[in-house]
Amino acid sequence: MQMEDLSPDRQRLLRLFQTINFGRVEELEIRNGEPAFSPAPRVFVELKLDVDDGPRPESRLSRFPLRSQVSRFFDRIGGLNHGTVELIEIRHGMPFRMVLEAMPEEVES
C-alpha cells in the first residue's frame with residue numbers, strides 16, 4: 001500500500017506523525033473508521049536538544065510505500081468504527097503504540 005492509497009484524513013494523520021517524529025497524539029476521535037480532527041486531538045512533540053531533530057524525510061514526498069505498522073494501525077482504527085484513541089505513541093514518524101477506549105464486547109472474542 002502507498003501513501004496515495006489512503007483517504008485524505010488518514011494522509012493528514014500520517015503527515016502529522018511524520019512532522020511530530022517523536023511524541024504522542026492523545027484523544028483522537030474516530031468516526032466511521034476514519035480519524036476526525038474536530039475536536040482536534042492533543043499533540044505532544046518530544047524535542048531532543050542535543051541533535052538537530054525534525055520531520056521525517058518522507059513528509060516531503062507524495063508517494064512512498066507504507067510500513068507494516070502503519071497499515072496495522074489504520075486497520076485497527078478502521079475496525080473501531082466510532083470511538084476514541086486515547087494515546088498514539090509516535091517514534092521515528094510512525095505509530096509505535098496505541099491505547100484504545102473500547103466496550104468489553106469489542107475486545108472479547
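User: At what distance from the ring centre of Phe96 does Arg91 lie over its face?
Analyst: The model is predicted, with local features needing pLDDT of at least 70, side-chain atom pairs counted only at pLDDT 80 or more, and totals for chains, interfaces and linings using all residues. Residues are numbered from 1 along each chain as its sequence is written, and side-chain values use heavy atoms, with hydrogens and water left out. A charge sits over a ring if NZ of Lys or CZ of Arg is within 6 Å of the ring centre and within 35 degrees of the ring normal. For Arg91 over the face of Phe96, the distance from the ring centre is 3.8 Å.

User: Over which ring does the charged end of Arg24 sit?
Analyst: The side chain of Arg24 also makes a polar contact of 2.7 Å with that of Glu26. Such a contact is a pair of N or O atoms within 3.5 Å; within protein, one must be able to donate a hydrogen and the other to accept it, and residues adjacent in sequence count only if both atoms are side-chain atoms. The charged end of Arg24 is 3.9 Å from the centre of the ring it sits over, that of Phe44.

User: Is Glu26 buried or exposed?
Analyst: Glu26 belongs to strand S1, residues 23-31; strands (E, at least two residues) and helices (H or I, at least four) are DSSP runs numbered from the N terminus. Its contacts (heavy atoms within 4.5 Å) include Phe44 and Leu87, leaving aside residues up to four places away in sequence. Buried means under 20% relative accessible area, exposed over 50% and partly exposed in between, with a 1.4 Å probe and protein chains only. The relative accessibility of Glu26 is 16%, so this residue counts as buried.

User: What is the relative accessible area of Glu27?
Analyst: Glu27 is also found in strand S1. Beyond four places in sequence, Glu27 touches Pro41, Arg42, Thr84, Val85 and Glu86. Glu27 is partly exposed, because its relative accessible area is 37%.

User: In which strand does Glu89 lie?
Analyst: Glu89 is buried, with a relative accessible area of 16%. Outside the four places on either side in sequence, Glu89 touches residues including Gly23, Arg24 and Phe96. Its strand covers residues 83-91 and is S4.

User: Why do the buried residues of H2 lie on the same side?
Analyst: The buried residues of H2 are Val70, Phe73, Phe74, Ile77 and Leu80. They lie on the same side of H2 because they cover an arc of only 110° around the axis. The arc is taken over directions from the helix axis to the C-beta atoms. An α-helix has 3.6 residues a turn, so residues three or four places apart point the same way.

User: What distance does helix H2 reach from its first C-alpha to its last?
Analyst: Helix H2 has 13 residues, 68-80.

User: Which residues form one aromatic cluster?
Analyst: The whole structure has two aromatic pairs; rings of Phe, Tyr and Trp (its six-membered ring) pair if their centres lie within 6.5 Å, with planes under 30 degrees apart stacked, over 60 edge-to-face and the rest tilted. Phe17 and Phe73 pair edge-to-face at 5.5 Å centre to centre and 70° between the planes, linking helix H1 (residues 8-20) to helix H2. Phe73 and Phe74 also pair edge-to-face, at 5.2 Å and 65°. The cluster consists of Phe17, Phe73 and Phe74.

Definitions and conventions. The expected span of a helix is 1.5 Å times one less than its number of residues.
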